[in-house]
Amino acid sequence: MHGKTWPGRLVAWRTIGAAVACFAVAGTNAASAGAVEQMPVTVVVAREAPVTEQIAVVGTLAAREEIQVHSSLEGREIKQILVEVGERVEAGKPLALLDAADTLLALDKNAVSMQRAKVAIAAERSKVDITLVSEREAWKKLERSRSLQPKGAVSDQTLEEHQNAYDRAVAELALARQSLALAEADERIIASERREIELTLERCTLRAPSAGVVLDRRARLGAVPSSSDDPLFTIARDGAIEFVAEVTDGNFVRLKEGMAARIAVPGLDVPVSGTVRLTAARLEPKTRSGSVRIELDSDEWLVPGAYARGEVDTGTRSNVLLPGTAVKSAGGISSVYVVRNDLVSVRNVKVGVQRDNLVEILDGLGDGEMVVLKAGGFLRDRDRVTPVLASVEGGAPRELSEVVAPADAEGVRR
């Protein structure tokens with residue numbers, strides 16, 4: 001510029017001034033446009049919703065009550081097996097047949113003895129009847145002699161003979177009655193023996209003590225079981241299957257009978273609902289864990305021994321819930337963008353449970369406040385925006401679950 005003349009310098013300054021004036025006008029127009037056109041942002045209304053506290057449990061399916069069937073007879077060979085594993089049986093259904101040949105023979109002998117006893121009773125009863133007639137006749141003669149003896153029609157000797165005859169008749173009647181009682185006692189003994197034989201014969205047929213499903217069969221054809229052997233059959237009473245889990249002490253103390261649960265079983269698309277039925281009376285000293293049994297609402301398609309996992313509801317509280325995208329976290333601080341009167345304000349919040357893209361807000365945000373759905377770096381505090389309420393599908397969630405992981409992850413919430 002030093003090489004130019006003064007008129008040239010004047011032209012240059014005028015050109016620069018014109019350019020500055022253009023930039024100023026452009027800036028003024030841009031500011032005016034920003035004041036008119038506000039940035040649209042999607043927002044959700046913060047609402048309080050239930051937060052369910054849950055404990056995750058891992059275990060297996062098991063029969064609620066197992067019935068072990070043993071043979072009550074020693075030295076009886078198994079002749080026939082009538083059921084197999086997996087069959088559903090009714091109470092009293094035959095399971096297996098034991099050798100009953102000697103029992104049937106004893107039953108036949110008892111029948112003969114019973115017949116003889118009946119004949120003996122008939123004979124003794126006949127003797128009683130005869131001696132009873134003799135006793136009555138002797139009594140009549142004695143009474144007649146006693147009435148005539150004072151008149152001198154009957155001698156003292158005749159009266160004495162009639163008295164002796166009556167005494168013999170009474171003795172013979174008593175003896176006959178004793179013989180009849182003895183014969184009847186023999187019949188009762190034989191009848192009792194028959195009941196024992198029939199009971200033994202009944203025990204030769206192993207029957208299901210209760211309705212249920214056969215879980216195990218140890219009975220083998222030709223085997224001679226004893227009372228000290230393993231059970232011949234194991235039956236799940238009524239086919240009832242439940243979930244059994246070992247829970248560590250930190251979670252165990254929080255579980256109570258009657259709490260609702262959901263158990264995910266392999267092979268089933270929908271979890272099976274249930275209720276905590278029983279908790280152990282104490283913890284195992286070595287593992288510091290206790291057994292929990294959960295009664296399931298349905299046992300269809302459930303197989304004892306199958307691995308399963310589930311969750312138990314231990315309590316419910318109410319707090320504001322937001323989609324995870326509405327919460328921004330950086331440096332250990334969580335914040336949300338609250339919109340009020342079309343102005344954005346950044347607010348720090350305290351978060352709780354975070355699960356399934358849902359976040360629990362413990363403090364810093366109230367029910368009914370409007371929050372930006374996607375918190376990002378494109379917004380700043382005091383920005384003016386046009387809020388667009390999210391659709392129902394993208395709105396605030398209705399429920400959240402807090403799950404405490406089992407065993408090795410105890411105390412970790414996710």
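**Reading the labels in a predicted model**

In this predicted model, buried residues make up 33% of the 414 residues in the chain. The chain has four helices and 21 strands.

Student: Why is Tyr 166 called buried?

Tutor: Tyr 166 has a relative accessible area of 16%. Buried means under 20%, so Tyr 166 qualifies.

Student: What makes Trp 139 partly exposed?

Tutor: The relative accessible area of Trp 139 is 36%. Partly exposed covers the range between the 20% limit for buried and the 50% limit for exposed, and therefore Trp 139 gets that label.

Student: How many aromatic pairs does the rule give?

Tutor: The count is one aromatic pair. Trp 139 and Tyr 166 form it.

Student: How do you know that Trp 139 and Tyr 166 form a pair, and why is it called tilted?

Tutor: Their ring centres are 5.2 Å apart, and the rule asks for centres within 6.5 Å, so they pair. The planes make an angle of 50 degrees.

Student: Which residues touch the most other members of the largest nonpolar core?

Tutor: They are Leu 61, Phe 243, Ile 294, Leu 296 and Val 312, in a core of 23 residues. Elements giving two or more residues to this core include strand S2 (47-63), strand S13 (289-296) and strand S14 (307-323). Another core lies apart from it, with 18 residues, among them Leu 73, Val 89, Leu 206 and Leu 232.

Student: What is Val 312 in contact with, leaving aside neighbours within four places in sequence?

Tutor: Its partners include Ile 55, Val 57, Val 276 and Ile 294, as well as Glu 53 and Gln 54. Contact requires heavy atoms within 4.5 Å, so each of these partners meets that limit.

Student: What makes Val 213 and Asp 299 lining residues of the largest pocket?

Tutor: A lining residue has an atom within 4 Å of a pocket point. Val 213 and Asp 299 are both listed in the lining, so each meets that cut-off. The pocket holds about 160 Å³ of space. Strand S8 (residues 212-217) gives the most to its lining, with three residues.

Technical notes. Residues numbered from 1 in each chain as written. Predicted model: local features only at pLDDT ≥ 70, side-chain atom pairs only at ≥ 80, totals over all residues. Heavy atoms only, no water. Core = buried A, V, L, I, M, F, W, Y, C linked by side-chain atoms within 4.5 Å. Buried < 20%, exposed > 50% of the residue type's maximum accessible area, 1.4 Å probe, protein only. Phe/Tyr/Trp six-rings, centres within 6.5 Å; stacked < 30°, edge-to-face > 60°. 1 Å grid on protein atoms, 1.4 Å probe; cavity = no way out; pocket = protein on both sides within 12 Å on 5 of 7 lines; lining within 4 Å. Points joined across faces, edges and corners; volume = space filled by probe spheres on them.
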